Amino acid sequence: MAREALVIVDFQNDFTPGGALAVPRGDEIADRLNELAGESRFDLVVATRDWHPSDHSSFREQGGPWPRHCVQGTPGAELHPRLDRSRIDAVIDKGQDPATEGYSAFENPELEQLLRERGIERVTVVGLATDYCVKNTALDALRRGFEVEVDTSATRGVDVQPGDSERALEELRRAGAKIVAGGARVP
Ligand code: VGL
Ligand code: ZN
């Protein structure tokens with residue numbers, strides 16, 4: 001059996017209702033994330049955090065597309081309180097580089113290092129947001145040769161344009177990811 005990791009992307013206060021860049025119904029995935037994190041098939045469970053300096057280029061004040069969010073060390077950047085920390089083996093921060101968007105968790109080389117060190121061949125990517133960081137993290141995992149699954153029962157999207165999340169999943173499918181919904185394969 002291939003060694004598997006669960007990568008929980010950016011399940012942080014700022015991306016859930018009440019946060020600075022709330023993903024609609026983003027908090028709904030909490031129970032499912034905890035359930036997945038407890039599955040014995042995962043040899044490693046990683047949580048990532050969007051972790052921006054206060055003058056990050058993706059912020060509107062800097063000419064970027066987003067309101068200020070996930071500023072390093074602020075409550076909005078903390079992992080959501082409903083995420084069971086006891087099931088998380090490692091937390092990887094990304095988005096520190098002021099010049100790049102930081103949508104992919106692989107922008108921090110520590111993620112790939114950790115996966116390789118643990119002999120991981122397959123990753124399940126879940127979390128927020130489907131159409132940004134989940135998408136880009138999953139695409140990067142494919143590019144780096146991992147088998148990739150995205151479980152839509154544990155992802156939610158921003159959908160700045162209606163349909164963005166659906167299009168992101170379609171792009172992932174074409175790139176070779178397996179898209180499942182709570183274990184059932186999505187055709
Ligand atoms: C994200 C927008 C800006 C994400 C991060 O985690 O999907 N989206 N920064
Ligand atoms: Zn961000």
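The following is a conversation about a predicted model, its ligand and a few of its residues.

Biologist: What makes Asp 10 a polar contact of ligand 1?

Modeller: A polar side-chain atom of Asp 10 lies 2.6 Å from an oxygen atom of ligand 1. The cut-off for a pair of N or O atoms is 3.5 Å, so the pair counts as a polar contact.

Biologist: Why is the space taken by ligand 1 called a cavity?

Modeller: The word is used for points where a 1.4 Å probe fits but cannot get out. The space taken by ligand 1 is the largest cavity.

Biologist: How do you know that Trp 66 and Tyr 132 belong to the surroundings of ligand 1?

Modeller: Both are listed around ligand 1, and Phe 15 and His 69 are also among the residues there. A residue is listed because one of its heavy atoms lies within 4 Å of the ligand. By class, this shell has eight nonpolar, one polar and two charged residues.

Biologist: Why is the pair of Trp 66 and Tyr 132 called edge-to-face?

Modeller: The search of the whole structure finds three aromatic pairs. In the pair of Trp 66 and Tyr 132, the centres are 5.0 Å apart and the planes are at 90 degrees. The centres must lie within 6.5 Å and the angle must be over 60 degrees, so the pair is edge-to-face. Trp 66 lies in the loop between strands S2 and S3 and Tyr 132 in helix H3, so the pair ties together parts that are 66 residues apart in sequence.

Biologist: What is the peptide bond from Leu 128 to Ala 129, cis or trans?

Modeller: That bond is cis, with omega near -15 degrees. Ala 129 lies in the loop between strand S4 and H3.

Biologist: What is the phi of Arg 25, positive or negative?

Modeller: Arg 25 has a positive phi of about 60 degrees although it is not a glycine. Its place is in the loop between strand S1 and helix H1.

Technical notes:
Residues are numbered from 1 along each chain as its sequence is written. Chains are lettered from A and ligands numbered from 1 in the order in which they are written. This is a predicted model: local features need pLDDT of at least 70, side-chain atom pairs count only at pLDDT 80 or more; totals for chains, interfaces and linings use all residues. Side-chain values use heavy atoms; hydrogens and water are left out. A polar contact is a pair of N or O atoms within 3.5 Å; within protein, one must be able to donate a hydrogen and the other to accept it, and residues adjacent in sequence count only if both atoms are side-chain atoms. On a 1 Å grid over the protein atoms alone, a cavity is a set of points where a 1.4 Å probe fits but cannot get out, and a pocket is an open set with protein on both sides within 12 Å along at least five of seven lines; lining residues have an atom within 4 Å of a point. A molecule sits in a cavity or pocket if more than half of its atoms lie within 2 Å of its grid points. Ala, Val, Leu, Ile, Met, Phe, Trp, Tyr, Cys and Pro count as nonpolar, Asp, Glu, Lys and Arg as charged, and the others, Gly among them, as polar. Rings of Phe, Tyr and Trp (its six-membered ring) pair if their centres lie within 6.5 Å; planes under 30 degrees apart count as stacked, over 60 as edge-to-face and the rest as tilted. Helices (H or I, at least four residues) and strands (E, at least two) are DSSP runs, numbered from the N terminus.
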